[in-house]
Amino acid sequence: MLYIHIPFCDSKCFYCAFNSYTTKNYLKKDYFSALKTQFKNEKKPNKFKSVFIGGGTPSVMNLEFYEKLFKLISSYINKNTEITIESNPNSTKIEWLKGLKEFGVNRISFGVQSFDDEKLKFLGRNHSSKAALLSIENSLKVFDNVNLDLIYATKLDNKTLLKNDLDIAVNLEISHISAYSLTIEKNTEFYKTSDKRKEDEALEIWFINSIKKYFNQYEISNFGKVCKHNLGYWKLDSYIGLGAGAVGYDGENRYYTHKLPEKYIKNPTFKEIETLNNYDTKEEKVLLGLRSIVGFNINILNEEEKRKCFNLIEEGKLSLKENRVFSNDFLLADALTSYILF
């Protein structure tokens with residue numbers, strides 16, 4: 001798997017804690033050279049099963065940039081490689097979409113978040129509901145695998161608003177929805193003030209169950225046609241993280257590049273290594289397995305952990321099939337993991 005990070009944005013959303021910048025667009029020209037240097041120094045597989053271009057806002061980069069990028073990775077992808085690019089509805093043009101398809105992109109993900117204009121302003125999004133609809137309709141003329149992100153649990157949310165968002169999404173005949181509960185994180189605009197999130201567990205569960213009526217839930221936040229790239233993360237497959245602030249995993253340890261684009265451009269081969277011990281890896285396998293259809297092998301547990309696991313199986317919270325443990329409710333993943341391992 002290959003993840004490529006584009007750290008540039010036209011505007012910063014109020015909830016966003018991702019490694020993205022609105023004042024560093026002047027670095028765009030030098031960014032590709034740094035990506036090229038890092039990529040050449042990475043240990044690569046014969047072929048990537050998936051490529052994911054995220055951000056930031058990948059759609060702020062022009063087709064010339066992507067022409068060079070796909071020329072760089074062309075020998076490591078084929079027709080079976082799932083290639084996803086994230087896009088902002090405000091900066092997505094039909095010519096850009098057609099060009100990306102020619103390069104090999106076959107999946108697009110829109111950061112829509114809502115089709116309610118008041119909620120979009122509340123979140124700090126720079127697009128309107130009308131712009132989102134137009135971008136998605138244009139993308140469906142080019143791609144048959146389209147995702148859109150929705151955010152819920154904001155203080156504006158109620159059943160009427162969320163049902164309207166979901167109804168519009170369903171009628172667009174997209175293939176996938178990613179639905180994220182609003183989290184308030186440090187170094188964001190929302191962190192400076194209170195009362196941005198609505199604590200209503202019943203409403204959150206109702207919304208998740210509403211999405212499940214139309215799309216199959218295969219992970220706590222993801223519904224629809226399974227994304228190979230996301231599934232690879234939950235299976236703890238190894239992947240290359242390319243770009244400023246990207247994260248990679250070599251099958252044993254995790255690594256981090258320089259976050260600041262200036263530092264990354266000066267030293268694109270720098271990596272800060274996070275060493276994962278056996279317990280760290282086990283904890284991730286259990287948590288990621290229980291929040292998705294991946295599950296985990298029961299034999300990674302010690303005897304006491306297995307005993308707790310069988311207690312949960314008897315209670316109907318977990319299922320066991322061919323030595324793999326699966327959660328019957330992904331929303332309980334954190335609590336079940338804590339019970340088993342701690």
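## Asn138 and the helices of this chain

Asn138 lies in helix α5, which covers residues 129–140; helices (H or I, at least four residues) and strands (E, at least two) are DSSP runs, numbered from the N terminus. The model is predicted, so local features need pLDDT of at least 70 and side-chain atom pairs count only at pLDDT 80 or more, while totals for chains, interfaces and linings use all residues. Residues are numbered from 1 along each chain as its sequence is written, and side-chain values use heavy atoms, with hydrogens and water left out.

Is Asn138 buried or exposed? Asn138 counts as buried because its relative accessibility is 14%. Buried means under 20% relative accessible area, exposed over 50%, and partly exposed in between (1.4 Å probe, protein chains only). Leaving aside neighbours within four places in sequence, Asn138 is in contact with Ile94 and Leu97, where contact means heavy atoms within 4.5 Å. The C-alpha atoms of Asn138 and Glu95 are separated by 9.7 Å, although these residues are 43 apart along the chain.

Now look at helix α3 (residues 94–103), where Trp96, Leu97, Gly99 and Leu100 are buried. They cover an arc of only 165 degrees around the axis, so they are on the same side of α3; the arc is that of the directions from the helix axis to the C-beta atoms. Glu95 and Glu102 are exposed on the other side of α3. The buried residues of α3 pack against α2, β3 (82–87), β4 (107–113) and α5. Just after α3, Gly104 takes a positive phi of about 125 degrees.

Next come α1 and α2, whose axes come within 11 Å and cross at roughly 10 degrees. Axes are lines fitted to C-alpha atoms, for helices over the stretch in contact, and angles run from 0 to 180 degrees between N-to-C directions. The two helices, α1 and α2, are therefore roughly parallel to each other; angles under 35 degrees count as roughly parallel, over 145 as roughly antiparallel, 65 to 115 as roughly perpendicular and the rest as oblique. The table lists the residues that make the contact.

| Helix | Residues in the contact |
|---|---|
| α1 (residues 28–40) | Phe32, Leu35, Lys36, Phe39 |
| α2 (residues 63–73) | Phe65, Lys68, Leu69, Leu72, Ile73 |

Finally, here is the whole chain. The chain has 12 helices and 15 strands. Of its 342 residues, 51% count as buried. Along its principal axes, the C-alpha trace spans about 55 × 50 × 40 Å.
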